[in-house]
Amino acid sequence: MQEMSGQIALVTGAGRGIGSAIAKSLAKEGATVIVNYAGNAQAAQDTVDSILKNGGSSEKYQCDVSDFAAVEEMIKYVVQKYEKIDILVNNAGITKDGLLLRMSEQDFEQVLAVNLGGTFHCIRHAAKYMIKQRSGRIINLASVVGLTGNAGQANYAASKAGVIGLTKSAAKELASRQITVNAIAPGYIDTDMTAVLSDSVKESVQSSIPLKRMGTAQDIAQAAVFLASDKASYITGQVLSVNGGMV
Ligand code: NAP
């Protein structure tokens, strides 16, 4: 039997990039995966189709994670249909880069609302059910820049540092119910998010990585599967850096 057979997983922002790789990897271990997305229905359907083609179980669900009430509806839908929620992966994220002095209030607030607010909303609503179940795994996508800061990413780095504080606090609050809460801090990963960087920026980033390559979405998915598995049952409140040795 597959290790996660019978488990229900919700992965936010799972149509593309890291989220899609995490959804497929959890499904490969036997979990039923709800693929959340914001606007790109085709990408989400492609993730679902890939899971179904490989014999897994999956469906897509549209919801903007920055909307508190919509997230409540999404979690309710999952629990009403599948009777539980075992794994929550808060992966949805955006960037709106710019130097501090030129950063608009809106660009600051939007990034905080999706990356940090979205993670809070999902934990806030899913934890209610996980507490009743007395089990659960929550995995939040932070970032290396949440640990180090980064010029041009004050909004994004603040949101990811916030995700780390949220992770550690939620881990402490939820531990007595056997719910673990951990973060993954990826380095530079080859997805749509980093595709916008110029070749010269990519080259300079790559040369600063001791392992001399950008990471793949699969590199992050493997870490997420580990944290969601029984093998990680004594790990909570931690930040797992997956960055090729950058930090
Ligand atoms: P990506 O390729 O840009 O994909 C982002 C995903 O998030 C998409 O599926 C998108 O949905 C979804 N999303 C965006 N806003 C949303 C919202 N309001 N509600 C629900 N879903 C939303 O990003 P990625 O590179 O895979 O990154 C995934 C996560 O890893 C993010 O949290 C990111 O900050 C973090 N991370 C990435 C890197 C990197 O180098 N790539 C490094 C460190 C951390 P649609 O497809 O519907 O638009």
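1. A backbone N or O atom of asparagine 91 lies 2.7 Å from an oxygen atom of the ligand. That is a polar contact (a pair of N or O atoms within 3.5 Å). The model is predicted: local features need pLDDT of at least 70, side-chain atom pairs count only at pLDDT 80 or more, and totals for chains, interfaces and linings use all residues. Residues are numbered from 1 along each chain as its sequence is written, and side-chain values use heavy atoms, without hydrogens or water.

2. A polar side-chain atom of tyrosine 156 is 2.5 Å from a ligand oxygen. For threonine 191, a side-chain N or O atom lies 2.5 Å from an oxygen atom of the ligand. The protein covers 93% of the 900 Å² of accessible area that the ligand has on its own (Shrake-Rupley method, 1.4 Å probe).

3. Now the shell. There are 31 residues around the ligand (a heavy atom within 4 Å). Gly39, Asn91, Tyr156, Ile189 and Thr191 come nearest. By class, the shell has 15 nonpolar, 12 polar and four charged residues; Gly counts as polar, Tyr and Cys as nonpolar.

4. Which elements give two or more residues to the shell? They are α1 (17-28), β2 (32-37), α6 (154-174) and α7 (192-195). α7 gives the most, with three residues. Helices (H or I, at least four residues) and strands (E, at least two) are DSSP runs.

5. The whole structure has six salt bridges (a Lys or Arg side-chain nitrogen within 4 Å of an Asp or Glu carboxyl oxygen). One joins glutamate 3 and lysine 231, with the closest N and O atoms 3.3 Å apart. The two residues are 228 residues apart: glutamate 3 precedes β1 (8-11), and lysine 231 is in the loop between α9 (217-228) and β7 (239-242).

Notes
A polar contact is a pair of N or O atoms within 3.5 Å; within protein, one must be able to donate a hydrogen and the other to accept it, and residues adjacent in sequence count only if both atoms are side-chain atoms.
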